[in-house]
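The structure comes first, then the details.

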Amino acid sequence: MTQLQMHVDISRVESIEALGREWQELELEARPSFFQSWAWMGCLAEERYSNPVLLRASQGGRTVGLALFNLRRGRLSLAESGDPTLDAPFIEHNAPLLASGGQDVARAMLQAAWTVRGMRRLRLSGVPAAVVEAADGIPVHLQSRPVPVLDLEAIRRSGGAWMAGRSANTRQQIRRSERFYTTTQGTLQLRCAETSAEAAEFLDALIVLHQATWQSRGQVGAFAQSFSRRFHHALILRALARKELDLLRITAGEAVVGYLYNFKYSGRILAYQSGLAPPPEARAKPGMTCHALAIDAALQQGAESYDFLAGVHRYKRSLSDREETLWWGELVPRRSLLGLALRAYRTIRPAR
């Protein structure tokens, strides 16, 4: 059978609304991550993408791939703006949206990205290694981050409880924490926001707790910028309407233990952010307690996995059973002066 020829077109985006319709149509054929869905991609898109560039791959007159970039100061950023303020909402599991999983489509699109007029560098954030390889550029800098994941489908197939696979120390910490909360404050309960008003209320409360925790550690926190707060308030309404959001409040009696901000998409729960009340004493582990209840709920709902997203926090590794890897970096063309210089330098002084 003759394979249909693939074409990749590069165009400026004239209408975000029209792109949204096309994106969601292709989304139905793909199995993307939440961060490739239009709920995320289209959120405040007019503000985030000042100079949007669309790459469209087609085969036999049918669209088989879409990738939205923004061109800013010579940097072509995949699914980001290139402006640190507008990119404060952290993206992961990022890649071109493909109707099929073949690397040929992604490779053709990323190779075409190098021909965008005015671009000198390609910026990739939160992408799998296959995307970096398909881009075939020379890294100016490249950093990997582990992504701990709990495989709920495997646990369900084995017929066991997920806690049974955790270390003895982890099981003890969770049980001791749950016992502390129930005996001193009341029954532990998990509530998922059901309305837009309740979701906004939960998010506001989460932001207060999140910011207080990170600022006490001398860091700014994920919601320090007004754009980030506006983005997430708009996003939760979009995601809730599409049933792609679990905004959870965990209480012990009348006391709030914490809030979890999780996405759910294609069978995967993504633990995006949290806001935790200060633990009353050392036995209390609010983060472990909140995630343990959320994992129980995810198992009951039939989710395939509970993804803790990128980071090396100890609790993520304690609660997970495997790791994936995502990459953040900036590439230049192989045959550019900088690309040739970097290749020569790394040949002489290979990385240790």
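In which hand, left or right, does α8 pass α9? The crossing is right-handed. The model behind this answer is predicted.

**The helix pair**

Helix α8 spans residues 196-216, and helix α9 spans residues 226-241. Their axes lie 10 Å apart. The packing angle is about 145 degrees. From α8, the contact draws on S196, A199, A200, L203, D204 and I207. From α9, it draws on R229, H232, H233, I236, L237 and L240.

**The strands**

Strand β9 covers residues 245-252. Seven of its eight residues are buried, so β9 is largely enclosed by the rest of the structure. Buried here means under 20% relative accessible area. Strand β9 pairs with β8 (residues 188-192) and with β10 (residues 255-265). The table sets out both pairings.

| Strand pair | Bridges | Direction |
|---|---|---|
| β8 and β9 | five bridges | antiparallel |
| β9 and β10 | eight bridges | antiparallel |

R191 stands opposite R249 in β9. L248 stands opposite L260 in β10.

What do β9 and β10 form, and how many residues lie between them? They form a hairpin, with two residues between the strands. G253 sits in the turn and has a positive phi of about 65 degrees.

To recap, α8 and α9 cross in a right-handed manner, while β9 is joined to β8 by five bridges and to β10 by eight.

Note on methods: Residues are numbered from 1 along each chain as its sequence is written. This is a predicted model: local features need pLDDT of at least 70, side-chain atom pairs count only at pLDDT 80 or more; totals for chains, interfaces and linings use all residues. Side-chain values use heavy atoms; hydrogens and water are left out. Axes are lines fitted to C-alpha atoms, for helices over the stretch in contact, and angles run from 0 to 180 degrees between N-to-C directions. Helices (H or I, at least four residues) and strands (E, at least two) are DSSP runs, numbered from the N terminus. A crossing is left-handed if the near helix is turned anticlockwise from the far one by less than a right angle, and right-handed if clockwise. Contact means heavy atoms within 4.5 Å. Buried means under 20% relative accessible area, exposed over 50%, partly exposed in between (1.4 Å probe, protein chains only). Two strands pair if DSSP finds at least two bridges between them.
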